[in-house]
Amino acid sequence: MGAIILVIGKYIYDIYYWLILINIFGSWFPQFQTSKIGSLVGRLVNPYLSIFRKFIPPLGMIDFSPIIAIIAYSYIGRFALEGLRQLLIMLGAI
């Protein structure tokens, strides 16, 4: 049961990672942002990205906050998944 929880957590982590990347690359195309898929991805990802946009201002036309956000997500996600794995081991679920 614990392994299933860990796999589901990994899938959720991976899906959100790809949504962030899709949002970043989709920002290059105005048509994408106004499409149904683009607006859905934006609604899911922009709350996370807005945290970084508060602290990292754009330099001219280039916004570096999504790059920092994806790097932070990568490290935080790995840390959280490892913590979940360790918790499941301690509980004897794995």
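Me: Is Y17 buried, exposed or partly exposed?
Reply: Y17 counts as partly exposed because its relative accessible area is 27%; buried means under 20%, exposed over 50%, and partly exposed in between, with a 1.4 Å probe and protein chains only.

Me: What sort of model is this, and how are residues numbered?
Reply: This is a predicted model, in which local features need pLDDT of at least 70 and side-chain atom pairs count only at pLDDT 80 or more, whereas totals for chains, interfaces and linings use all residues. Residues are numbered from 1 along each chain as its sequence is written, and side-chain values use heavy atoms, with hydrogens and water left out.

Me: How many aromatic pairs does the structure hold?
Reply: There are 8 aromatic pairs. Rings of Phe, Tyr and Trp (its six-membered ring) pair if their centres lie within 6.5 Å; planes under 30 degrees apart count as stacked, over 60 as edge-to-face and the rest as tilted. One of the pairs joins Y17 and W18, which is edge-to-face because the planes stand at 90 degrees, with ring centres 6.4 Å apart.

Me: And W18, buried or exposed?
Reply: W18 is exposed, at a relative accessible area of 53%.

Me: What is the geometry of the Y48 and Y73 pair?
Reply: Y48 and Y73 are also edge-to-face, with 5.8 Å from centre to centre and 70 degrees between the planes. This pair links distant parts of the chain, since Y48 belongs to helix α3 (residues 36-55) and Y73 to helix α4, 25 residues apart. Helices are DSSP runs of H or I with at least four residues, strands are runs of E with at least two, and both are numbered from the N terminus. Y48 and Y73 are both buried.

Me: Which residues make up the aromatic cluster?
Reply: One cluster is formed by Y13, Y16, Y17, W18, Y48, F52 and Y73.

Me: What sits over the ring of Y75?
Reply: The charged end of R78 does, 5.5 Å from the ring centre. The criterion is NZ of Lys or CZ of Arg within 6 Å of the ring centre and within 35 degrees of the ring normal.

Me: Changing topic: at what angle do α1 and α4 cross?
Reply: Helix α1 (residues 2-26) and helix α4 (residues 65-91) cross at roughly 175 degrees, and their axes come within 10 Å. Axes are lines fitted to C-alpha atoms, for helices over the stretch in contact, and angles run from 0 to 180 degrees between N-to-C directions. The two helices are therefore roughly antiparallel; that label applies over 145 degrees, roughly parallel under 35, roughly perpendicular from 65 to 115, and oblique to the rest.

Me: Which residues make that contact?
Reply: From α1 they include I5, L6, Y13 and I24, and from α4 they include I70, Y73, G77 and R78. Contact means heavy atoms within 4.5 Å. By class, the contact of α1 with α4 has 15 nonpolar, 4 polar and 3 charged residues. Ala, Val, Leu, Ile, Met, Phe, Trp, Tyr, Cys and Pro count as nonpolar, Asp, Glu, Lys and Arg as charged, and the others, Gly among them, as polar.

Me: How far is G77 from Y13?
Reply: Their C-alpha atoms are 6.7 Å apart, although G77 and Y13 lie 64 residues apart in sequence. G77 is buried, at 10% relative accessibility.

Me: And how do α1 and α3 pack?
Reply: The axes of α1 and α3 are 9 Å apart, at an angle of about 95 degrees. These helices are therefore roughly perpendicular to each other. Among the contact residues are Y16, L19 and I20 of α1 and V41, L44 and Y48 of α3. The contact of α1 with α3 comprises 9 nonpolar, 3 polar and no charged residues.
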